[in-house]
Amino acid sequence: MNKFVYLFKEGRADMRALLGGKGANLAEMTNIGLPVPPGMTITTAACIEYYRLGRKLPDGLMDEVKRNLTVVEEQAGKKFGDLTNPLLVSVRSGAMFSMPGMMDTILNLGLNEQTVQSVANNTGNLRFAYDSYRRFIQMFGDVVLEIPKYEFEDLLNQQKENQGVKYDQELTPESLRKVIDSYKKLVRSKTGRAFPEDPMEQLKMAIEAVFRSWNNDRAIIYRNLNKIAHDLGTAVNIQSMVFGNMGNDSGTGVAFTRNPSTGENTLYGEFLTNAQGEDVVAGIRTPRPIIQLKEEMPEMYTEFVRIARLLESHYKNMQDIEFTIERGRLYILQTRNGKRTAQASVRIAYEMAQEGLITKQQALLLVDPSQLDQLLHRQIDSQAQLNVIAKGLPASPGAASGQVVFDADEAEHLGKMGKKVLLVRTETTPDDIHGIVAAQGVLTSRGGMTSHAAVVARGMGKPCVCGCEAIKIDYIKEEFSVGTTVIKKGELVSIDGATGRVILGQVPMKDPEISAEYTALLSWADEVKYLGIRANADTPEDAKKAREFGATGIGLVRTEHMFMGQDRLPHVQQMILAETLEDRQKALSYLLPMQEGDFYGILKAMEGYPVTIRLLDPPLHEFLPSLEELLIETTELRVTGKDPVLLEEKLRLLKKVRSLHEFNPMLGHRGCRLGITFPEIYEMQITAIFNAAARLTQEGYKVLPEVEVPLTIDVNEMKLFKGKIDAIAKATMAAVNVKFHYAVGTMIELPRACVIADELAEFCDFFSFGTNDLTQTTFGFSRDDAEGKFLPHYLESKILKENPFIVIDRKGVGAFMDMAVKRGRKTRPDLEIGICGEHGGEPNSVAFCHEVGLNYVSCSPYRVPIARLAAAQAAISDGEIIGTR
């Protein structure tokens, strides 16, 4: 027979999965000799069985509860339901992962018309007894009988009005008796039966209610937000009641062993005298700072400080502790690892290591890598009142406020005038790059986490919210609307790129603060990690920023982003429109020195470190105006007859756009396919790379260019390009009589490339996984369409546990990656392998890259610190990243 109930003395801290976090901690504290009121825990397994049986308690569970209850009675010196010395209990939820306030609690269980009189006689305090009974009926009515809480509150407020008092504690015993009677009438009218008097019936109903609360709406939402599985179940803790509302020598409070906002090593919390725990959080009375307990009850304060230090030392983490003082005796009701800000998290981890409480490695495991993002970007002040009008995808972290503009040229113009603007577009294109540079942030109504706006903004460290389909943009009227709210050009709007929120008006911001503790913690991470950390950068400025953040190389230079500048786009379009090879090469001759200058700047900024430069990847039509825009322009020119020469030019452009049109351009004429059909484009780029490398070598710099061929699917592609790259490198070195190191490799972004990785490795010095395209082609999803339309439903329905574009899908995409690593290194054991998609800055994905044996991960510059810490945690944590619990 299954054991469903454990006394506190039978449990341990490592039984969290079975006893829940609260039950495991109560057991651990009991066993290290702390003053914990005696009790028992019903396991999460019982909850899972309850749901398996169709919301029915497992056979024998209540018999097991009764047997253990006799032991609790002996420990407490009281008897459940006894008419002379009754034991009262609390019934609380407690899941494996902390879910504060999401599930239900019932206090003072065991009171009825007889036992309430016994409590009054034993304490000599009728008011206390009636107040406890009133609270019990209200909580039981709300949680177990599902009568709305406000209906009880209305009756309580009515009685306070009748007596002419403001606060609950001012009610007389007579008034409380009337409240109890009115509560019981409410229960009878709502349920059709009297309030249960039998304590054992009360207990059974409460256990079932706590199990039910595992699947209440707020608990489900919380688990979805925090990526907690829905099949874990909650434990139920049944514990002897102790009372903080028995007079001025009693009280209750909550305290952290360190300041959860700043990390300062000082006790931080609040308490109330003559109160129960719910009063501290209910806002009925104003709690006082914990330090004032030192004046009011000095012995209790000294004892609490001793226990707080003991708990922090035992758990090796900052603790959040609930306590009650009953008639001059201190009881510890709960401890758990305390929630804290990013700033506090870093300081606490660092200082605990400096104090010798934990090792450096343990310190690294105390910090959630994702929190580091908060320290590098401006953030919205957490105290601010916000008018959130819409929500999109959190595409690039940080926050920004600015005047709404809908045009990139206007954004640039206003930016030069010192105005702060927010660029709002349906989606951005290469043409908008100058507007993005000038804007404080970007908001789009379409596009996913790897859309143009998202990628460019992340690289620049600018906040961006993408795919906000709730906003409807009207370019003609220069306004956007959300429902009935209309925001016109020039009005102030704010975005939070970390949450996807769109907020009306300007909001107060906080600037990032990089502390000495942060710098030290990341240096510790660098000492233990195996993975190298590179950055994705398209400009020398990006490269410098990446180096500041600790990147030791560039894992991806997207050369197409260099074509987006306003001085280059005309030449790029001329190249695309060219009808002859001669015309195309003429256009490329203008682009060659520009590209060379770009590569020169990036290679110089990353001197001594490898720089992976990807040859042109996107379809050519992306550099041309859209078909819709051209149709409108040509129609207007025809109707007005204003400019026949311009009309002819636009018609020629329209013809070319139509000829380049593809039904699915992401699977069409792009990547190395461009290099095969238009070899002169790739030859220009390769020449520019090696010219820059040669110049820098002549100037005494050590440069390490890596030429990357995108989207390969066959060994013959790599054989062709490897020969071409080697030939241009050899010719360049010979022409200026220098030698420099270079490498040739491919981006692995298609399933077929993973399968033939052993063949590709014959002609590659390195592989770099492009996991965005690999995820799209493995799933058969178009990312922009999936994230905006059906993927949220897949996540809500738990068909997929994670968004595969944010966290690497280990079963599918991960299996292809593992295959490519093994097959590639079978051919070439020294093959360098990395990842260059945004997965490279996501902690779970970084851990997977460590597990499959990659050499490095690459991500946007602002995610480099996250990747450094995540890589260290992957190296030392055996699969569990403690900071991300």
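Analyst: Happy to; the account below starts with the lysine and its partners and then moves to other parts of the chain.

This is a predicted model, in which local features need pLDDT of at least 70, side-chain atom pairs count only at pLDDT 80 or more, and totals for chains, interfaces and linings use all residues. Residues are numbered from 1 along each chain as its sequence is written, and side-chain values use heavy atoms, with hydrogens and water left out.

Let's begin with Lys184. Its side chain meets that of Glu113 in a salt bridge, at 2.7 Å from N to O; the term stands for a side-chain nitrogen of Lys or Arg within 4 Å of a carboxyl oxygen of Asp or Glu. This pair links distant parts of the chain, 71 residues apart: Lys184 sits in helix α7 (residues 173-191), and Glu113 in the loop between β6 (105-109) and α4 (115-123). Helices here are DSSP runs of H or I with at least four residues, strands are runs of E with at least two, and both are numbered from the N terminus. Lys184 also forms a salt bridge with Glu197, where the closest N and O atoms are 3.1 Å apart. Side chains of opposite charge can pair when their charged atoms come close.

How covered are these residues? Lys184 is buried because its relative accessible area is 18%, buried meaning under 20%, exposed over 50% and partly exposed in between, with a 1.4 Å probe and protein chains only. Glu113, at 24%, counts as partly exposed, and so does Glu197, at 28%. A network of salt bridges links Glu113, Arg177, Asp181, Lys184 and Glu197. In the whole structure, a search finds 48 salt bridges.

Another of these pairs joins the side chains of Arg614 and Glu560, at 2.5 Å from N to O. Arg614 belongs to strand β28 (residues 610-614), while Glu560 is in the loop between β27 (554-558) and α21 (569-577), 54 residues apart. Both Arg614 and Glu560 are buried.

Thr746 lies in strand β30 (residues 743-748) and has a relative accessible area of 0%. A polar atom of its side chain lies 2.8 Å from the backbone oxygen of Val709. Apart from neighbours within four places in sequence, the contacts of Thr746 (heavy atoms within 4.5 Å) are Glu708, Val709, Thr712, Met718, Cys764, Phe766, Phe767 and Ser768.

Finally, consider strand β23 (residues 492-496), where four of the five residues are buried. Five bridges join β23 to strand β16 (residues 399-405), and the two run antiparallel; strands pair if DSSP finds at least two bridges between them. Here Ala399 stands opposite Asp496 of β23. With strand β24 (residues 501-504), β23 pairs in the antiparallel sense over four bridges, and Val493 has Leu504 in β24 as its bridge partner. β23 and β24 form a hairpin with four residues between them, and Gly500 in the turn has a positive phi of about 85 degrees.

Definitions and conventions:
A polar contact is a pair of N or O atoms within 3.5 Å; within protein, one must be able to donate a hydrogen and the other to accept it, and residues adjacent in sequence count only if both atoms are side-chain atoms.
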